[in-house]
Amino acid sequence: MVNEMVLKETLKYFAEQARNDFSAAEENLHKIILELKASENKGLNYIETYDEENVRTQLTQLKSSEKKGRLFGVPITVKDAICVKGVESKAGSKILTGYKPTFDATVITKLKEEGAIILAKTTQDEFGFGTFNTNTEKVPKNPFDNERSCGGSSGGPAGFTAYTSRYHGALGESTGGSIACPSSFCGVTSLTPTYGLVSRYGLIDYANSMDKVGSVGRNIDDASLLLEIISGADEKDSTNLGEEFIADEGPTQKVAIIKDFFDNCDDSVKKVVQAKIDKMKEFIQVDEIELPLNIKYSLAAYYIIATSEASTNLAKLSGLRYGKQKDPEGKHFDEYFSEIRSENFTEEAKRRIILGTFARMSGFRDAYYLKAMKVRTKLINEFKSAFSKYDLLLTPTMPIVAPKFDAIEQLTPLQNYAMDLCTVPANLAGLPHASCNAGMSNGMPVGLMAIAPHLAETRLYSFGRIMEMK
Ligand code: GLN
């Protein structure tokens, strides 16, 4: 009986209803569109681009389609950085205004093949640069308290998932924690896959050696179904591993909480996470472990590598080929590039371009970029040795609950980066992780994150099922 109830909340259940009776798809879409518009009218800012005609056309095509896929009639929102054919895709940046890709990202092709309806593009920090989704023009507001952040950089995907009461799934992107962080702040469930499990073809780059597309849903079953569909081989992405994820429940697990991450969190967060862990001890063994190298070096290594890669990626945005252009009349091309970039990048993007360019300049390269790469290997090895003893490692997803916007304004860039303490290590090591809601603290959600070895996403699924047991 309980199982039956749970099943009814899932996208799997809904798609089956829609396959049998198309009016279920029509009704759900109609209602979610009303919610989407209401969220926009209230200024909640989850939606970057929405084209009603395009959505209605997809519905009509679906109605006459022979193939009835696993996401039949399911509305999906996607982070702005993921390219959708013919739809403005600007990764939350003014500089890409007007850029409409002529192709779909592989993840979008896969979703469409399974009968999904691409509902809208969602808001994010510019190019994924941020933890609070405040580094962009359209800043999403937390559905639990509109004066607080949704988290970043995938604030829109998580915010809208928490906001809507309808069947829906979302795609996000993570370089250093951008899927887990907003999931934690908005109380939803997410899966960030092993680096290379999901194709990056058609994802607007932040830092290529760390970028991953992942899923956000209301529960682990929804997040897993989306990941099953978007994972898998893709010859268009040379870093793709050619592996597929299948959500299977595994045996009981041996897990350890990362003590030095936990100790660095706010008391309000620790309390909720500890209570949840105590409850889970009925089903799994929970030990403690320390990762001294990761706690000490991962943020520094991450911000050097991420900004180095980002600064080269952004070099192509110069007002020539993509997005914003202006009248070049009478201007030397250096002057033209500088103007376009000065006028359209946020302060945070400029900070990262300068930092990253510095870190890989000749003379400094050995001291910063190359050293960070060596440190990265050591940090991965520290995780590997922890996984020789444990199936999963646990940490609070974020050290705080979603902060108020005025508190965010007071943070220095360094304090801002320090908020990524618990999410960055797994991302730097390319390890898959899930963030699930552990409970509430003063009306705000608190997330618990599980990290698995490379390609052991099934353990995250089993863990999520235990987390969500009522
Ligand atoms: N907050 C991190 C950063 O600003 C992570 C962002 C991300 O994963 N896209 O780099």
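Analyst: Two strands pair if DSSP finds at least two bridges between them. Strands (E, at least two residues) and helices (H or I, at least four) are DSSP runs, numbered from the N terminus. This is a predicted model: local features need pLDDT of at least 70, side-chain atom pairs count only at pLDDT 80 or more, and totals for chains, interfaces and linings use all residues. Residues are numbered from 1 along each chain as its sequence is written.

User: How many bridges join E10 to E11?

Analyst: There are 8 bridges, and the two strands run antiparallel.

User: Is E11 buried or exposed?

Analyst: A residue is buried if 20 or more other C-beta atoms, placed from the backbone, lie within 10 Å of its own, exposed if 12 or fewer, and partly exposed in between. In E11 (residues 444-451), 8 of the 8 residues are buried, so the strand is largely enclosed by the rest of the structure.

User: What joins E9 to E11?

Analyst: 4 bridges join strand E9 (residues 392-396) to E11, in an antiparallel arrangement. Leu-394 has Ala-450 of E11 as its bridge partner.

User: Now the whole sheet: which strands stand at the edges?

Analyst: The open sheet has 11 strands in the order E1-E3-E2-E4-E6-E5-E10-E11-E9-E7-E8, with mixed pairing. Strands E1 (47-49) and E8 (285-289) are at the edges; each has a single partner strand, so one side of each is left without a neighbour in the sheet.
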